Amino acid sequence: MTRSALIYLSRTGLMEPLGQSQILPYLRGIVSEMDVTVITREKPDDIVDGDRFDQLRRQCVDLGIDWRPRRFPTLGSKVTAVADTAMLAYDALAALWRHRNARGRVLHARSYLPGLAALLASKLAGVPFVFDMRGLWPEELITAKRVTRGSWLHRLFLWLEQALLGNAAAAVVLTHAAKSYLDQRWPAQMRALLVEVIPTCVDLDQFAFPAIRGGQLRASAGRGTVHGVIGSILTGWFRTGLLARWMLAAAVRDGGAEFQVITKDDAQTVHAVIDPHGRLGQRLAVRALRPDQMPEAICGHDLSVFFYEGGMLSELGRSPTRMAEVLASGLPVVTTDGVGDVAAIILRHRVGVVLEDDSDAALQRGLDALDALLADPDLPRRCRAAAETEFSLGSGTAAYLDLYRQVIATRASGRGHRS
């Protein structure tokens with residue numbers, strides 16, 4: 001008997017860290033029940049690594065995943081983005097044709113421009129699509145100062161958001177906070193739409209943790225606390241100034257403290273932004289790692305710090321991928337409020353510190369709270385338990401599969417998704 005088919009559209013490459021942690025693991029679970037084609041755009045720097053490209057190609061073949069990569073367009077013009085979106089729609093239609101005899105077909109669009117491609121392909125082929133929003137992109141562009149609120153471009157992106165929510169068979173958001181915002185902004189579309197909240201999940205088995213961890217372990221080894229920072233911090237929505245102040249305050253308090261930034265950002269620029277006067281010296285290390293090196297690197301940290309521009313609309317939809325990986329490794333997190341469901345999860349499970357504000361006094365209180373946490377021998381267990389409860393890959397994969405089944409069944413019955 002033929003199986004149902006999933007055509008997955010993403011401008012995030014399968015070779016990128018996010019592709020490795022947030023696309024491939026899900027597809028590995030889904031391919032056991034559906035035929036999967038994943039269409040991606042791969043960054044030039046990744047494609048030139050021929051050995052890794054070939055290795056990933058063989059991995060997909062072994063898993064039964066049909067991977068259709070194209071080179072990510074390097075010209076940053078709006079015309080180039082439109083042209084690539086049209087090409088993505090063409091690729092989607094070609095994949096739908098290859099699966100024309102499948103029992104059921106569904107398109108999955110990861111974010112807005114793939115969503116537009118899926119919308120075009122859906123209209124032409126009569127196949128439903130799932131709009132996997134990830135973040136609130138129009139607001140993220142404003143936070144990053146790439147778009148001005150109320151400009152024609154901002155209005156265009158809001159129109160796209162409304163159109164995608166109004167035509168999708170289902171939508172996925174990362175946080176309950178984002179769903180609440182969308183319920184208020186687009187009430188008619190949201191009332192008639194099947195919506196699931198599925199946060200960024202991780203393969204917990206990839207992130208083991210030792211039985212004993214934390215400040216006590218470091219102290220017994222004669223070492224200071226290691227503060228980790230993972231991911232890009234030069235995006236425009238990461239609070240680099242607050243991060244610099246946190247590191248300096250921690251360095252003053254703990255003479256042995258170390259700071260490790262794992263990022264693909266330019267190391268010299270990161271040093272200039274975080275430590276412009278060289279006060280941290282050799283205690284600050286900036287490096288890039290492959291996705292497969294991340295579990296071991298995280299095990300060398302005592303905590304992870306991420307300071308996004310909390311309190312802005314853009315942050316309601318954010319579910320930091322690294323938070324799940326860090327918690328799965330048994331480590332606490334230090335962050336700011338107003339970022340998706342992050343603060344609620346941290347406070348509910350007691351697995352980190354949420355700064356009250358950005359004052360010097362708040363930084364000192366945050367360091368006090370961190371010291372108390374790291375001295376708690378039960379902290380690693382709580383962190384791991386929080387990851388299992390909130391970010392299990394198995395639960396996330398099951399939620400996606402159930403959503404696809406509902407979309408295909410609804411289309412097969414001829415009811416459509418609208419009330």
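Predicted model: local features only at pLDDT ≥ 70, side-chain atom pairs only at ≥ 80, totals over all residues.
Good morning. The second largest pocket holds about 520 Å³ of space.

Which residues lie nearest the centre of the second largest pocket? They are Gln20, Ser21, Gln206, Pro291 and Asp292, out of 22 residues that line it. Several helices take part: α1 (17-22), α2, α4 (50-63), α14 (294-298) and α15 (321-328) each give at least two residues to this lining. Helix α4 provides the largest share, with four residues. Sorted by class, the lining of this pocket contains ten nonpolar, five polar and seven charged residues.

The structure has one cavity of 30 Å³ or more, and the largest cavity contains about 40 Å³ of space. Its lining is made up of Tyr8, Gln22, Ile23, Tyr26, Ile30, Asp132, Arg134, Tyr400 and Tyr404. Which elements supply at least two residues each to this lining? Here the answer is α2 (24-30), β5 (129-134) and α19 (393-413). By class, the lining of the largest cavity consists of six nonpolar residues, one polar residue and two charged residues.

I move now to the surface. Trp152, Leu156 and Trp159 form a nonpolar patch there, and together they have about 380 Å² of accessible area. Of these residues, Trp159 belongs to helix α8, which covers residues 152-167.

Next, the charged pairs. Side chains of opposite charge can pair when their charged atoms come close. The structure contains 26 salt bridges. One of them joins Asp91 to Arg41, with the closest N and O atoms 3.2 Å apart. Because Asp91 sits in helix α5 (residues 78-98) and Arg41 in strand β2 (residues 35-42), this pair ties together parts that are 50 residues apart in sequence.

Finally, I come to the chain as a whole. How many helices and strands does the protein chain have? There are 19 helices and 13 strands. The C-alpha trace spans about 65 × 50 × 40 Å along its principal axes. For 419 residues, a compact globule would have a radius of gyration near 22 Å; the protein chain has 22 Å, so the value agrees with that expectation.

Thank you for your attention.

Conventions. Residues numbered from 1 in each chain as written. Heavy atoms only, no water. 1 Å grid on protein atoms, 1.4 Å probe; cavity = no way out; pocket = protein on both sides within 12 Å on 5 of 7 lines; lining within 4 Å. Points joined across faces, edges and corners; volume = space filled by probe spheres on them. Nonpolar A, V, L, I, M, F, W, Y, C, P; charged D, E, K, R; others polar. Patch = residues over 30% accessible without salt bridge, like charges linked within 9 Å, V, L, I, M, F, W, Y side chains within 5 Å. Areas by Shrake-Rupley, 256 points an atom, 1.4 Å probe, with all protein chains shown as cover. Salt bridge = Lys/Arg side-chain N within 4 Å of Asp/Glu carboxyl O. Rg over C-alpha atoms; globule rule 2.2 N^0.38 Å.
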